Amino acid sequence: MYFPVKSGGIINRTVGHVQAVDGVSFQVPEGSSLGLVGESGCGKSTTGRLITRLYDPTGGSIKFDGKEIANISQRQMLPMRRDIQMIFQDPATSLNPRHSVGAIISAPLKIHNVLPDNKIKARVEELLEIVGLNPEHYNRYPHEFSGGQRQRIGIARALTLQPKLLVADEPVSALDVSIQAQVINLLQDLQREFNIAFLFIAHDLAIVRHFCPEIAVMYLGKIVEIADRETLYGRPHHPYTQALLSAVPDVKQAQIGGRRERIRLKGDVPSPINPPSGCRFRTRCQFAQEICSRVEPPLLQIGPRHKVACHFAGELGAHPAEPIPQSANGGEGAPANQPGFEDHWLNLSTGQTASA
Ligand SMILES: Nc1ncnc2c1ncn2[C@@H]1O[C@H](COP(=O)(O)OP(=O)(O)O)[C@@H](O)[C@H]1O
Ligand code: SF4
Ligand SMILES: [Mg+2]
């Protein structure tokens, strides 16, 4: 997804592009959840909005239930909207303050014409109960609720049409820490009960840990590492993931009196209008070498459920001196940018293809 940058003025020319999401590839399995994590501005919301087709992608492919939805018209998308819903970050701005809770939650039912009018109220009351709100508050307005309760209203609205996929864009970031766990638990219960797949977007690794069996880390519009939970938290390979993880409190370390060393990233996130050549992370990477500015590292599969985009993918904090040969990067056994995981991958210690 590239957004045009305009010059302004009378001749409003396109003078560049914001490369907001670039070559990102992943899969969300039915009824499961994928965490999408990265700093503000790395393209998480844009990714979520593409999947829900709030944006028209400039390129690429999005498949839902095997059906291509990247290029279909908004009209063709309409039946799909029942299956793919979104929960937004800020419940205060995503709910219309002039509409009652009943009107907000029943709107999707009316648009999609799925229930006769005389059944709608009962369904809304049922939904309010499911998300832990009082069904009698049907006629109240959003401002009469607390932040956590408002997010529950947003969740009820997203559930109205019984979606198969929920894109949750930082659903608890705007809430008090004490409320965050309650809302996460609610989402987890709903997922189990209704077998909903989640794309769970967050800006730090702590929040998705208990929710997502698989996590993708984004940096400046790209996925830099994607792995199952155990691998990502236990053996992260990308220097950016390692830095993000060093900010997450480690209960096990604390129990034995240890502390994970905090890695502080230098500098700011570069502009996605003119991202660094080669590896986009190189301007902030403590391991950057000459090759990093010349060659973009592909997302290389280095384990059964582990991919990383770094020329020097190696053990935690101890990078090999030599970059992984380009024949291995993108060569046989190293599928670049496939949405899922292949059954063979590059074994980093032998440099050979390994398989399950
Ligand atoms: N509608 C838009 N027009 C132009 N640029 C945008 C638009 N939406 C997002 N961007 C830019 O794309 C980049 C990614 O934004 P976003 O997806 O919101 O990141 P995140 O959710 O990770 O904070 C940012 O640089 C942002 O300024
Ligand atoms: S490719 Fe180079 S700059 Fe990028 S993360 Fe790896 S070592 Fe750092
Ligand atoms: Mg965002």
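This is a predicted model: local features need pLDDT of at least 70, side-chain atom pairs count only at pLDDT 80 or more; totals for chains, interfaces and linings use all residues.
On one side of helix 5, N118, K119, A122, E126 and E129 are exposed.

V124, L127 and L128 of helix 5 are buried. Seen down the axis of helix 5, the buried residues fall within an arc of 100°, so they line one face of the helix. An α-helix has 3.6 residues a turn, so residues three or four places apart point the same way. What lies over the buried residues of helix 5? The cover includes helix 4 (101–111) and helix 6 (147–159). Just after helix 5, G132 takes a positive phi of about 85°.

Helix 1 gives another picture. Is it enclosed or open? Seven of the eight residues of helix 1 are buried, so it is largely enclosed by the rest of the structure. The buried residues are K44, S45, T46, T47, G48, L50 and I51. Which elements do they pack against? They pack against strands: strand 3 (33–37), strand 6 (84–87), strand 7 (165–169), strand 8 (197–202) and strand 9 (214–219). Just after helix 1, R53 takes a positive phi of about 60°.

The largest share of the shell around ligand 1, three residues, comes from helix 1 (residues 44–51). K44, S45 and T46 are among the residues around this ligand, and these three are also buried in helix 1. Others in the shell include G38, S40, G41, C42 and G43. F3, V18, A20 and P272 surround ligand 1 too. By class, this shell has five nonpolar, six polar and one charged residues.

Next comes ligand 2. Around it are P239, C279, F281, R282, C285, F287, A288, C292, P297, C310, H311 and F312. What classes make up this shell? It has ten nonpolar, one polar and one charged residues.

Finally, look at the chain on a wider scale. An unreviewed UniProt entry carries the annotation "domain: ABC transporter" for residues 5–245. Over residues 5–245 the chain is 39% helix and 19% strand. The end C-alpha atoms of that stretch are 34 Å apart.

Methods. Residues are numbered from 1 along each chain as its sequence is written. Chains are lettered from A and ligands numbered from 1 in the order in which they are written. A residue is near a molecule or strand if its C-beta atom, placed from the backbone, lies within 6 Å of it. Helices (H or I, at least four residues) and strands (E, at least two) are DSSP runs, numbered from the N terminus. Ala, Val, Leu, Ile, Met, Phe, Trp, Tyr, Cys and Pro count as nonpolar, Asp, Glu, Lys and Arg as charged, and the others, Gly among them, as polar. A residue is buried if 20 or more other C-beta atoms lie within 10 Å of its own, exposed if 12 or fewer, and partly exposed in between; C-beta atoms are placed from the backbone. The arc is that of the directions from the helix axis to the C-beta atoms. Two residues are in contact if their C-beta atoms, placed from the backbone, lie within 7 Å. UniProt positions are given in the numbering used here, feature names are shortened, and annotations may be inferred rather than shown by experiment.
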